[in-house]
Amino acid sequence: MSCRCALVTLALVPALVAATSPASMQARMHTVQQILFDGRSVASAGGVTVSRGTMVEHTVRRGETILDGTRVDVPAHIELIVTSSGAKCTTTLPPGSSVTFVTTNLGEQYSVNAGHPTFSDIPGALDYFRVEVGREIEAAAAGTIFSVAVSNGSVTVRCTQGDVNVTKTGYIKIGLRRYKAKLVDTVSPATGAVTYHPTETWYLGSFATFAQAEAYYRRELAAARRTRDANAIAGALGNIGIVQEETGLYAGALQSQQQALVLYRKLSDRDGEANALSQIGVVAWDRGEYDDALYFERQALALFRRLGDRDGEANALNNIGGVQEAQGLYADAMRSQQQTLALFRQLGDRAGEAEALDDIGELQVDQDHYADALKSYQDALALYRKLR
């Protein structure tokens, strides 16, 4: 099995934490809090196109309610500030922006066609978000104020209060081999703005040896400890654990991930907690401790599903399928991998889709279904070639 870390794809997706009750499944409402005309507050403004299905209006008013599915096109000179249900999230629609409000069952999603969206949240309201530009950026935040600017395939994250953990998924090159890895940056007021340029095949680092890779991430850990930034410490520990797992240093990898898990739980960072649990599951899998591996991966899967993190869900399912294959539970493994494949296709994650097809082909070989395996491998190969 090839996929052992969470993949993320990127439409701006702020996912707000909510209980999975019937009320949380309802569409959210968004209220026009303020209208600025050349920086001056006004009660209403013409020239703003508000499209609700076939109904189109060209005036917006302060206090007006915008339901999900509504598209708002903002002209020059006008700026709108919109809050979502419960004032949990505020977004600024700058002049020239075009936004469609869409809700997932766990929070708001804004599909931004132009402009630079800004998000803010009340403490603990925002758990993670995804940004769809190129590939492979996800961030976690709790009690923070931050902004995300998207331009020409790049993503700039700026944090003015608290910390934002930015998770990057790509490849690390060590010697002549490359490994898929999920590494974490911590963006804070002290770091200033950080700009990323994600691509389909994003290299996060290149090292001559495993020892060089581990030494680099240990320097990151030392720097994080000097600043006493718990988010940065947890991220650095997770990065070290990933490198240790790849080199077969399983005891060290387990210790690193367990330490990261404790910190993420103290920080109430549920997405970080889920990722650490999944990585602990991977280490147990490597050590042949299959029952433990399934236990941790299923804990991670449950958390990812509660958060609405479909990328994490897909990768936890993929890991579960790998463990089930190692146990000889081929029917169970096939169900897990087919769910994985469906999720990656929904997300438009071609790398994840290719790996899921590759894993399905391996399962089909295990069961002597060679014609089916050949088709799965050929489909995977076609996708891999597109990713070059």
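At what angle do α1 and helix α2 (residues 230–246) pack, and how far apart are their axes? The angle is about 165°, and the axes lie 8 Å apart. Here axes are lines fitted to C-alpha atoms, for helices over the stretch in contact, and angles run from 0 to 180 degrees between N-to-C directions. That makes α1 roughly antiparallel to α2, a label for angles over 145 degrees, while under 35 counts as roughly parallel, 65 to 115 as roughly perpendicular and the rest as oblique.

Before going further, some ground rules. This is a predicted model, where local features need pLDDT of at least 70 and side-chain atom pairs count only at pLDDT 80 or more, while totals for chains, interfaces and linings use all residues. Residues are numbered from 1 along each chain as its sequence is written, and side-chain values use heavy atoms, with hydrogens and water left out.

Back to the helix pair. α1 and α2 cross in a left-handed way, meaning that the near helix is turned anticlockwise from the far one by less than a right angle (clockwise would be right-handed). On the α1 side, the contact (heavy atoms within 4.5 Å) includes Phe-210, Ala-213, Tyr-217 and Leu-221. From α2 come, among them, Ile-233, Leu-237, Ile-240 and Val-243. Ile-240 also turns up in another pairing: its C-alpha atom is 8.8 Å from that of Ala-215, although 25 residues separate the two along the chain. Ala-215 sits in helix α1 (residues 210–227) and is partly exposed, with a relative accessible area of 33%. For reference, buried means under 20% relative accessible area, exposed over 50% and partly exposed in between, using a 1.4 Å probe and protein chains only.

Now look at the rings. A search of the whole structure turns up four aromatic pairs, where ring centres of Phe, Tyr or Trp (its six-membered ring) must lie within 6.5 Å, with planes under 30 degrees apart counted as stacked, over 60 as edge-to-face and the rest as tilted. Tyr-216 and Tyr-217 are edge-to-face, because their planes stand at 85°, with the ring centres 4.9 Å apart. Tyr-217 is buried at 3% relative accessible area, whereas Tyr-216 is partly exposed at 35%. Together with Phe-207, these two tyrosines, Tyr-216 and Tyr-217, form one aromatic cluster.

Another edge-to-face pair is Tyr-295 with Phe-296, with centres 5.2 Å apart and planes at 75°. Phe-296 is partly exposed, at 21%.

Helix α5 (residues 290–307) and helix α6 (residues 310–326) have axes that come within 9 Å and cross at roughly 160°. That makes α5 roughly antiparallel to α6, and the crossing is left-handed. Leu-294, Leu-301 and Phe-304 are among the α5 residues in the contact, and Ala-316, Ile-320 and Val-323 are among those of α6.

Leaving out residues up to four places away in sequence, Glu-273 touches Leu-261, Tyr-264, Arg-265 and Leu-303.

Finally, zoom out. The chain has nine helices and 20 strands, taken as DSSP runs numbered from the N terminus (H or I of at least four residues for helices, E of at least two for strands). Of its 388 residues, 50% count as buried. The chain exposes about 16500 Å², with carbon and sulfur atoms supplying 52% of it.

Notes
Areas by Shrake-Rupley, 256 points an atom, 1.4 Å probe, with all protein chains shown as cover.
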